[in-house]
Each structure stands twice: as C-alpha cells, then as structure tokens.
Amino acid sequence: MRTITLEEHFVTRSFLKATEAFWSSTNPRVAEMRPKLLDIGAGRIAAMDEAGIDLQVLSLAALGFDDLDADMATPLTREINDEVAEAVKANPGRFAAFASLALQDPDSAAQELERCVSKLGFVGTMLDGTTDGLFLDDKSYTPVFEAAAHLGVPIYLHPAPPPAAVQKAYYSGLAELGQLLSIAGWGWHAETGLHTLRLIVSGVFDRFPDLQLIIGHMGEGLPYALARSSAVLSRAATLRQSVAEYFKTNIHITTSGYFTQPPLRCALDVVGIDRTMFSIDYPFSPNTHGRKYLDELAGMLAPEDLASLAHGNAERLLRLPVQN
C-alpha cells in the first residue's frame, strides 16, 4: 500500500546560517537533528525505504525564522524554495514540497506562493505559529489567504516556539523542562489549537470558503475539546455554520508525532476518516515509529479506511498523481 507523509522537515545551510542565533541556543536534542534535516537526498530516501515511505512532502523546520526581518527573510525563502524544488526535481516520485513563506511581508509572501505553485509545482505552504506576535487572523495576512484560495492549495499550520512573553509567563522557572513543556511537551499543541480556533471565529473560512487548512499532531487537541469549544464559541460568533462544522468543510488533520490509537479513535469520531492523513514528523520522529504505528492500524481500520489514511486523502487534497 502506498504511503505518503505530510509533515516531514528539512533545513538548508543558508537557513541555518541566517538563524544560527536561535539554533545555537535551542535544545541540544533539536540541534542534533541537523544532519538529517540537511539531507534531502540519498540519506533521507534510504530512511524512507527502511520504513516503506513512498513519498514525503518536504517542509522547512522554520525554527528561528520569525526573528528575521523582512529584508532578510523574503529573499531567503526564495533561495530555500529553489533548493527544495531541485530536490523534488531530482526525485519526483519520492518528494513533493510545501512552500516556505516570509510572513514579515505578506504581499511578497503571496507572490512567492504563486511562484512556488505555478512555476515550481509545490502542493501548498506550511506556516509556523505567530509572526511578530500576530496570529494569522490579522487582516494583514489576507493576501496569503487570497493566494492559497485562488491557487487551490492548502495551508499547513505548524507550531512554533511561543512568543517571549508567553514563554516567560507559562514556562519559566523549570529550566530545560520548561522549554520542553513549551514545545512538544504541551505548549505548541495548545497554541496551534488556539490559533486554529481564532481562524475560525474571526471568519477567515467565511471570507474564503474554499480555503483548506491542515493541522498536525492528531488535531492539536481540538478533537477532544471540539464539542465544548463549538458550543461556547458558536453562540457568540457570527459565522455561516457552527465552529465544529468547519472541521467537515475546511480543516484536515494529520497523525504527525502521535503513534497511539486512543487519540486517533477520538479524531475519527469527531473529524472523520476523509479528513485525516498519515504523517510522521521526520526526523523529530523516526520513520520506523510511524511505520510500526501504521501497521498496527491494520487491525483497527477497514482496508479502505487505512488506504485513505495512508495515501488516498493526501492524493486528493494535494492533487498528487495517483499510483496503483
């Protein structure tokens, strides 16, 4: 069975040079991933083959990118996108790509998304957390939503480390554990779930009804909380449908980094199989862990649902070539 993964990260040497201040201060476990992140060729494909991964959608691990000003970030994204486009061109059956965008200049970011999709064949974009403390519901980011909707490509909303004020208020005083709590230990899932709800209640999907959003990590906690959140927010928001219904029309989730069955069962009950896609979060999660999990799901899911999870839904959403 074909297997496609959507939240699989890379970096380039030019990106690391520009964000060295962040990477030199980050958790050593993250910095240790540099060799695997830099490899978008033979070594990465070998790791995919070991776990039976047919296609990765590559996306920048954009840690530290928010610290750059627009004059540096905008040309850097073009350089990054050109480099990953060459990797896709060299291995078109194994790689696809999400565009990296510099939201420090939303108009230029929209133009870059247009270039990446129309000229380089990218399948969407991945955007990371807030930019200069602003969530994506800020009206300044309208050009990016307009471009994605016009091009018919999804936006993958990915977590990022919290703004400094949040880091200090919520995660200080715990040394390394506080830093871990602020990211994969809890914080960035909670923030991305909040970010998604902000996009809904601010009316982004009413302004762009065909816009599709992907969130990872089994829905960033939202499937579990959605009934209550929707009941509270839908009464106050002026929207075309309830908050929960946007998960049937505009939002998709992936399994990235989550390899146990209970959260998937919840996600399937709330979101449904047609909007759930398999992902791993390589190299932060090993491909072999994802493969083991997918194999275990053969005992939980009907064959047609397993195929939808493993490749069918991604093929449809990203308009990837279907292979028998």
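Is A175 buried or exposed? At 68% relative accessibility, A175 counts as exposed, where exposed means over 50% relative accessible area, buried means under 20% and partly exposed falls in between (1.4 Å probe, protein chains only). The structure here is a predicted model, in which local features need pLDDT of at least 70 and side-chain atom pairs count only at pLDDT 80 or more, while totals for chains, interfaces and linings use all residues. Residues are numbered from 1 along each chain as its sequence is written, and side-chain values use heavy atoms, with hydrogens and water left out.

A175 sits in helix α10; helices (H or I, at least four residues) and strands (E, at least two) are DSSP runs, numbered from the N terminus. H217 isn't a glycine either, yet it has a positive phi of about 50°. H217 is found in the loop between β6 and α13, and with a relative accessible area of 4% it is buried. One more backbone detail turns up at P283, in the loop between β8 (276-277) and α16 (287-296): the peptide bond from Y282 to P283 is cis, with omega near 0°.

Next comes helix α6 (residues 70-90). Its 21 residues reach 30 Å from first C-alpha to last, close to the 30 Å expected at 1.5 Å a residue; that expected span is 1.5 Å times one less than the number of residues. The buried residues of α6 include A73, L76, I80, V84 and V88. What do they pack against? The partners are β1 (4-10), α1 (13-18), β2 (55-60), β3 (95-97) and α7 (106-118), with contact meaning heavy atoms within 4.5 Å.

Two other residues make a handy pair to look at. I215, in strand β6 (residues 213-215), counts as buried at 0% relative accessibility. Not counting residues up to four places away in sequence, I215 touches Y156, L157, T192, T196, E220, L222, F247, I251, H252, I253 and T254. L233, in helix α13 (residues 222-236), is partly exposed, with a relative accessible area of 29%. Leaving aside neighbours within four places in sequence, L233 is in contact with L197, V201 and V243.

As for aromatic rings, those of Phe, Tyr and Trp (its six-membered ring) pair if their centres lie within 6.5 Å; planes under 30 degrees apart are stacked, over 60 edge-to-face, and the rest tilted. By this rule there are seven aromatic pairs. The rings of F205 and Y246 have centres 6.2 Å apart and planes at 35°, so this pair is tilted. F205 lies in helix α12 (residues 204-207) and Y246 in helix α14 (residues 246-249), so the pair ties together parts that are 41 residues apart in sequence. Both F205 and Y246 are buried. Elsewhere, ring pairs link F15, W23 and F65 into a cluster.

Finally, there is the largest pocket. It is lined by 33 residues, of which V30, I183, A184, W188 and F284 lie nearest its centre. A pocket, on a 1 Å grid over the protein atoms alone, is an open set of points where a 1.4 Å probe fits, with protein on both sides within 12 Å along at least five of seven lines; lining residues have an atom within 4 Å of a point. Elements giving two or more residues to this lining are α2 (20-25), α3 (28-31), α10 (175-182) and α11 (187-201).
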